[in-house]
Amino acid sequence: MSAESQPPCHVFLLTFPSQGHMNPTLRLGKKLASKGLYITISTTLDFGLSLINAGSIGQLPSPVGSGFINFHFWNDGWEKDDLRRRDLDLFMLQLELTGKAALTQTLKDRAGENRPVSCLIGNPFLPWGCDVANDFGLPCFILWVQSCSVFSIYYHYSCKSVDFPSESNPCCDIQLPSLPLLKHDEIPSFLHPYGEYKAIGLSILQQFRNVSVPFCILMDTFEELEKDAIDHMMTICPVKPIGPLFKTLKFSDEKGALSGDFMKTDDCIEWLDLKPPNSVVYISFGSIVHLSQKQIEEMAHGLCNSGFPFLWVMKPLPKDMADCLGLKPHVLPDGFLEKVGERAKIVKWSPQQKVLSHPSIACFVTHCGWNSSVEALSSGVPVLVLPQWGDQVTNAKFLVEQFGVGLRLTRGVTEMRLVVRDEFEKCLRDAIVGPKAEELRENALKWKKAAEKAAVEGGSSETYVDELVSKIKKQSGNAMDVQIKSMCSIV
Ligand code: UDX
């Protein structure tokens, strides 16, 4: 086959079915496609249908730059709204059972269709992806969708290099190389003896059994943001900070056909356009967190009393989540909407990336998911942190103490404290007006500039991406041969 007639190098990205994973995966996919690669993003059919129903995926394959993006959805074998998806122990096993078989079959099918896969980019929640890639002799990379500091914590936990909180000593502090001293409730809660959702922690830890083989770990972070942690982890494994992934995408890329949102976004930009610069509080807790009704009421009163305009994302409660966990949709206090009038905009789902870069936004009340954290930092927006579980508790510490862009409302799952209305109102004031506010904003703008510098042509992150693309292209010829040979031995 001549070079011209060869199909473009095909990269397969595997992602866990949730918004917090789909966003960085799609952003990386677009980046690679824009440099001429053919990208397939693979997740479950159940999650894929939510993208299709939200109108987030148009005609496929979708051209992006000089490459293409396609999707592959595998059936996880359960009916829509099956409550077992909310039991992560069961769900992780089911994903492995169905996903491994689907991935194996798809890699064979694509080779048969003259679109052989050249490499796989796996996901830390789906560690079996790399095993399948190894079976086919394919190079495997991981897209780590959390911070490098969190990666380092998982790594040191997995190799037991220091004592972590345990049943017998649940409150010990943790000192790891190149990280600040962490209190027991500042490590990802999946690693804490009192934390929930242990199955996620276990899946992530499985990833580290492969860390000694030479694969590279792509991270949605950038050198200047986490220099010490990145330098340290680079001495252990090939970490490549390629973020912030959303920064290099033009908004036009995010519009229409390929947005990756699991819900339709509500329009709120025109409303923001009417507000003065640096005046609006943006409140959003990502795609999963559901706060207590009491907390919502206290926040509503605090917002009402503060006098600030606000944009509040109140996402609908998924039916299976309500049925399984006995949760109820949030209700705003009586007369609240009449009282706040034009000062409030309540939406079900926002175009967060655009919202955070709007000049009217003064601060962001966040649960500190890593995507939201990086988006806020790279958009120069100060934050009020209200972490719940997982890496959110660690991100909250870094946003407040290391990056200097935030004020703390709570500490997360081990504390589960109610933030009362007066306290919330005071924190809003401190973050928007007064001397502390100025310091937060200055720091936030410093990170915005650093993020822009990393993501432009010649910047640190962009250089790592270019190296990755050349490596993938170089290896692709070998990989195709190896894959066809391995297929012969697998069938
Ligand atoms: C989850 C975990 O909670 C998080 O800790 C982990 O780091 C990634 O997976 P999630 O809770 O959904 O993610 O939060 P986050 O990481 O912030 O991701 C949410 C994404 O949805 C962000 O990219 C955000 O821009 C987007 N979003 C959120 C919207 O586009 N509109 C909204 O209204 C809310």
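A surface patch, as used here, is made of residues with over 30% relative accessible area and no salt bridge, and nonpolar side chains such as Leu and Ile are joined into one patch when they lie within 5 Å. Keep that in mind for the first stop, and remember throughout that this is a predicted model.

**Stop 1: a nonpolar patch**

Select L45, L49 and I52 and show their surface. Together they make a nonpolar patch of about 230 Å².

Helix 2 lies across strand 2 and strand 4, and runs at about 110 degrees to strand 2.

**Stop 2**

Strands of a sheet pair through backbone hydrogen bonds, either parallel or antiparallel. Here you can follow 8 strands in the order 3-4-2-1-5-6-7-8, forming an open sheet with mixed pairing. Which strands are at the edges? Select residues 62-64 for strand 3 and 239-241 for strand 8; each of these edge strands pairs on one side only. Turn the view to look along the sheet: neighbouring strands are turned by 25 degrees against each other on average, direction ignored.

**Stop 3: strand 5 and its neighbours**

Because 6 of its 6 residues are buried, strand 5 is largely enclosed by the rest of the structure. On one pairing, strand 1 runs parallel to strand 5, joined by 4 bridges; look for V11 opposite C119. Strand 5 also pairs with strand 6 in the parallel sense, over 3 bridges, and there L120 has C140 as its bridge partner.

Carry on to strand 6, residues 140-144, which runs parallel to strand 7, residues 217-219, with 3 bridges between them. W144 stands opposite M219 in strand 7.

**Stop 4: another covered strand**

Jump to residues 361-366, strand 12, where 6 of the 6 residues are buried. Strand 9 (residues 280-284) runs parallel to strand 12 and is joined to it by 5 bridges; V280 is partnered with I361. Strand 13 (residues 383-385) is also parallel to strand 12, with 3 bridges, and V365 has L384 as its partner.

**Stop 5: salt bridges**

How many salt bridges does the structure hold? There are 28. Begin with R411 and E186, whose side chains meet at 3.0 Å, N to O. R411 lies in the loop between strand 14 and helix 16, and E186 in the loop between helix 5 and helix 6, so the pair ties together parts that are 225 residues apart in sequence. E186 is buried, at 1% relative accessible area.

Compare this with K426 and D430, whose closest N and O atoms are 2.7 Å apart. They are separated by about one helical turn because they lie 4 residues apart in helix 16. K426 is exposed at 52%, while D430 is partly exposed at 26%.

Last, select E452 and K448, a salt bridge of 3.7 Å, N to O. Both lie in helix 17 (residues 435-455), 4 residues apart. To finish, highlight D185, E186, K397, E401, R408 and R411: salt bridges that share partners join them into one network.

Conventions
Residues are numbered from 1 along each chain as its sequence is written. This is a predicted model: local features need pLDDT of at least 70, side-chain atom pairs count only at pLDDT 80 or more; totals for chains, interfaces and linings use all residues. Side-chain values use heavy atoms; hydrogens and water are left out. Patches are made of residues with over 30% relative accessible area and no salt bridge: like charges are joined within 9 Å, nonpolar side chains (Val, Leu, Ile, Met, Phe, Trp, Tyr) within 5 Å. Accessible areas come from the Shrake-Rupley method with a 1.4 Å probe; for residues, only the protein chains shown count as cover. A salt bridge is a side-chain nitrogen of Lys or Arg within 4 Å of a carboxyl oxygen of Asp or Glu. Two strands pair if DSSP finds at least two bridges between them. Helices (H or I, at least four residues) and strands (E, at least two) are DSSP runs, numbered from the N terminus. Axes are lines fitted to C-alpha atoms, for helices over the stretch in contact, and angles run from 0 to 180 degrees between N-to-C directions. Contact means heavy atoms within 4.5 Å. Buried means under 20% relative accessible area, exposed over 50%, partly exposed in between (1.4 Å probe, protein chains only).
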